[in-house]
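Good morning, colleagues. I shall speak briefly about charged pairs and about one packing of helices.

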Amino acid sequence: MRPKVMWHLLRRYMASRLHSLRMGGYLFSGSQAPQLSPALMRALGQKCPNLKRLCLHVADLSMVPITSLPSTLRTLELHSCEISMIWLQKEQDPTVLPLLECIVLDRVPAFRDEHLQGLTRFRALRSLVLGGTYRVTETGLDSSLQELSYLQRLEVLGCTLSADSTLLAISRHLRDVRKIRLTVGGLSAQGLVFLEGMPVLESLCFQGPLITPEMPTPAQIVSSCLTMPKLRVLEVQGLGWEGQEAEKVLCKGLPHCLVIVRACPKESMDWWM
C-alpha cells in the first residue's frame with residue numbers, strides 16, 4: 001500500500017476501533033519507491049489511540065525513528081525490514097513504547113548486539129522472538145539476557161547461535177521463562193542439561209531441520225524434561241520423528257505433557273499470509 005493511500009484511510013476510516021494493523025512497504029522496489037515516514041507513524045498513533053499491534057513487512061525504517069511509533073503498542077513485529085544503527089540504541093529516550101510486551105524481529109539483517117542491548121529499556125517486555133538475526137553473537141545474547149531477566153517467552157530461530165550457548169544463557173538469566181522455542185543447530189545432550197530444573201518452564205519446542213551427530217536422543221530429552229516441574233507442552237518440529245519410534249518414546253516418557261511431533265510448517269513468501 002502506498003503511503004498516500006494510507007493517509008486517505010487514516011483520515012476517512014481508521015479511528016479508535018483499530019486494534020491491530022499489518023502493513024507492507026517497498027524495501028525491495030528501488031530508491032524511488034514510496035517509503036513509510038515518521039509523520040505517517042505519528043498520525044497513526046494520533047488517529048488510532050487503541051492500536052495495540054503493529055506488523056511491518058519489507059519496510060525501510062532507516063529514516064523512521066522508533067520514537068515516532070504509536071506509544072500504545074503492546075506488540076511490534078518487523079519482518080524483512082531495514083533499520084538504522086541507532087534505531088534501538090539504549091541511550092535513547094527510555095519512555096519510548098512504555099507498554100511494549102512483545103517484539104518479533106524476523107529477518108532484520110541490520111539487527112545486532114547493540115540493538116539487542118537496547119531492548120533492555122522496555123521494562124514491560126515479556127516476549128522476544130529472534131528469527132534469522134545472524135549478527136547477534138553469543139556474547140551479545142548472554143549480556144542482554146542478563147538485563148532481560150523478566151522475559152517469559154524467548155524464541156531463537158535460524159540464527160548463527162548454537163542451541164547449547166542459547167540454553168546456557170537462558171539457564172543463567174531467565175529463570176522465570178515459561179516458553180522456549182529454538183532451532184536445534186548445535187544442540188547436544190550437555191546443552192539440554194542446562195535446562196534441567198527450570199522452575200516455571202511450561203512449553204519447550206525444538207525446531208529442525210539441522211540435526212547434528214550430537215543431537216540428544218529422545219530418551220535424553222525425556223530425562224531432562226522430567227526435571228521441569230511445570231512443563232506441559234513439548235513440541236518437536238522438522239526432525240523427521242513423526243510416526244517413528246522417537247515419537248513413541250517421547251509420548252510414553254512424558255504422559256503428563258502434550259507431545260507434538262510434526263514437520264515444519266511451510267513458510268509463505270507472501271507477507272500478507
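**Salt bridges and a helix pair**

Arg181 is buried, at a relative accessible area of 13%, where buried means under 20%, exposed over 50% and partly exposed in between (1.4 Å probe, protein chains only). This is a predicted model, in which local features need pLDDT of at least 70 and side-chain atom pairs count only at pLDDT 80 or more, while totals for chains, interfaces and linings use all residues. Residues are numbered from 1 along each chain as its sequence is written, and side-chain values use heavy atoms, with hydrogens and water left out.

The partner of Arg181 is Glu155, in a salt bridge whose closest N and O atoms are 3.8 Å apart; the term requires a side-chain nitrogen of Lys or Arg within 4 Å of a carboxyl oxygen of Asp or Glu. Glu155 lies in strand 6 and Arg181 in strand 7 (residues 179–183), so the bridge ties together parts 26 residues apart in sequence. Strands are DSSP runs of E, at least two residues, and helices are runs of H or I, at least four, numbered from the N terminus. Glu155 is likewise buried, at 7%.

Arg178 and Glu202 form another salt bridge, at 3.0 Å from N to O. Here Arg178 is partly exposed, at 34%, and Glu202 is partly exposed at 35%. Through shared partners, Arg153, Glu155, Arg181, Glu235 and Arg262 join into one salt-bridge network.

I turn to the helices. Which residues of helix 4 are buried? They are Gly140, Leu141, Asp142, Ser144 and Leu145. Their cover includes helix 3 (113–118), strand 5 (127–131), strand 6 (153–157) and helix 5, contact meaning heavy atoms within 4.5 Å.
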